[in-house]
Amino acid sequence: MPEPLLRVENLRVEFKTDDGLVQAVNDVSFDLFPGETLGIVGESGSGKSVTNLAIMGLVPRPPGRVVAGRALYHGKDLLQLPERELSDLRGKKIAMIFQDPMTALNPFLTIAEQLTEVTQLHLGYSHQQAISHAITMLEKVGIPGAAQRLWDYPHQFSGGMQQRVMIAMALSCKPDILIADEPTTALDVTIQAQILELLRNLQTELNMSVILITHDLGVVAQVCHRVIVMYAGRIVEEATANSLFADPRHPYTLGLMQSAPRLDHARAERLHAIEGQPPDMTQLPAGCAFAPRCPFAVEESWHQQPPLAGRPGGGRLACFVDITKAPRKAAR
Amino acid sequence: MLWYLVKRIIWMAGTLWVVFTLTWFLMRAVPGGPFDAEKKIPEEIRRNIEARYKLDQPLHVQYLDNLAHVIRLDFGPSFKLLDYPVNRVIAEGFPVSASLGVFAMIFALTLGLTAGVASAIGRRTAYDYGFMALATVGVAVPNFVLASLAIVLFVFYLGWFPAAGWGTLRQIALPAICLGAPFAGYIARLTRTGMLEVLGQDYIRTAYAKGLRHRRVIVRHALRGAILPVVSYLGPAVAAILTGSIVIERIFALPGLGIHFIEAATQRDYTLAMGMVLVYTFLLFVMNTLVDLSYGLIDPRVKLK
């Protein structure tokens, strides 16, 4: 096993809300290895975005607060780093792209202004160097007429092109780690495929590690080597993409897969839905947070937090039940 | 852009004509004329005066005659300030009122923007509460109260400023601050709100994710969006400063236009009143056009047509 590039240990993030304290991220640990694409999957509010904002030191504070944990990168704990040192890493070694490129780019500044400030800041480029580097980056992400488009404003680009600009901006300093927070969610399907393809190619070319946050299993299947499934702020299952898709072990993962349409299944077959609602994050149950929706829940699930332990077939799993053998309860 | 300006100028001409017409008839609809006095003047003299100012002619002739002169930018003689053409009254008073207004605006913008940005960045700190309390007081206290208090404190107790007069910077300071204070308060609140809204935007998070430092994020990425509400407020603010300066000029005995505005109306000085109204309308129009133009400069998504 190679050395992990980034090691997150026991991360805990809380949010103060009007309804009470929310444990947005609860005891999350994972490794990111050089050159891999790690998918983090979960529904809204599962803590997948907050986990990564915490790594970047971007949890809005207040109301959010990183309560515990470490994020080790080259021997330094990102969570303890002074703001100054952390901002030296941000955009240079660890870059991030966001869900909605329309709002993630500053509408008041030209693409040139937004692209050049990163390299001028981190790499000490002159204005001229920064401009020509920006043109190279825009060409690399496939923007035609880059030398002219550089002087346009974000609203003059389509959504897909804006996301390409975001990627060009994020990769300007050749970062070690790219965190992509739902990069294709706001785009239509054909553009999605292009952006994913682009990300995959650039990852190989620059040999960087990517954390891809998504709720879309199709996206995971296309690009990820390894997958973490999160539910209610905790990791419930982690495995290589192949193993996870072939043999899901957590009832929630299984539910997610059964609720996604598949081309190789008969059309007449109805999609399954996961029963019930996502949990109220201010009042999590004492046991497994998925128990109220789980068709396999056993007595223990209601009282005890299942430990995240070894998973048959490799990886980690937090469930008391072996769902390949256990009986499935009838839907309520 | 050029087409936009042409359109604005045509609009302005129309607006000025409507204002001219309304003012003209309103002034004449008000009971009493410029030459009515407690003591009746002899009939022949009255007739002579009316002939001199062409008041003996039918209304529509007077109206057209006045309009023709005004179009040539000749407002005619003042009815009350003898031998003083309205144009000269304006030429002498305008620089005073204009510099008072400009100084007040500079004061309001400097203080308001600084306090607003500081409040937004230090949200829910002592700074924030202090500035916003001050801003509320500034907006709520009418300027004649503020001016009176300021005169008592700074002129009589501390002796820092002269009470009246015009010409030196020390003489401008106090009236300009009193005139600008409510606007400083309002601008501070607008800036704070605008800044807080912008700071919650995704592109600010992007800026931090790029590794930019706090100061640079605020100045380069947040400020432009945050001052948009302030810019659109500048149009109405200028209108309010114009009317506010009427009171302030009175209190500080400044030789500006404000006094003429009131006197002309109460004394039925038809020509002077007309001159005042048209000058103020023109100023407002110019300011609003400037605001629109600067909007287009600040926000690239705004296209002027």
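This is a short talk on chain B of a two-chain model and on how chain B meets chain A.

Before anything else, please keep in mind that the model is predicted, so that local features need pLDDT of at least 70 and side-chain atom pairs count only at pLDDT 80 or more, while totals for chains, interfaces and linings use all residues. Residues are numbered from 1 along each chain as its sequence is written, and chains are lettered from A and ligands numbered from 1 in the order in which they are written.

Let me start with the overall layout. Chain B has 11 helices and 0 strands, where helices (H or I, at least four residues) and strands (E, at least two) are DSSP runs numbered from the N terminus. Along the principal axes, the C-alpha atoms of chain B fill a box of roughly 85 × 55 × 30 Å. Of the 305 residues in chain B, 31% are buried, a residue being buried if 20 or more other C-beta atoms lie within 10 Å of its own, exposed if 12 or fewer, and partly exposed in between, with C-beta atoms placed from the backbone.

Now to the interface, where 17 residues of chain B are in contact with 22 residues of chain A; contact here requires that the C-beta atoms of two residues, placed from the backbone, lie within 7 Å. On the chain B side, the elements that give two or more residues are α8 (202–209) and α9 (214–251), and the largest share, 6 residues, comes from α8(B).

Why is α8(B) largely enclosed by the rest of the structure? It is because 6 of its 8 residues are buried, namely B:Y203, B:R205, B:T206, B:A207, B:Y208 and B:A209. The cover over these buried residues includes α1 (48–56), β6 (94–97) and α3 (101–104) of chain A, together with α9 of chain B. After α8(B) comes B:G211, whose phi is positive, near 95°.

Finally, the cores, each a set of buried Ala, Val, Leu, Ile, Met, Phe, Trp, Tyr and Cys residues joined through C-beta atoms within 7 Å. The largest nonpolar core has 140 residues, and those with the most contacts inside it are A:A54 and A:I211. Helix α7 (residues 169–199) of chain B gives the most to this core, with 15 residues. A second, separate core of 16 residues includes B:F75, B:V86, B:L272 and B:A273. Returning to A:A54, and leaving aside its neighbours within four places in sequence, A:A54 is in contact with A:L11, A:V13, A:V25, A:V59, A:V66 and A:L79.
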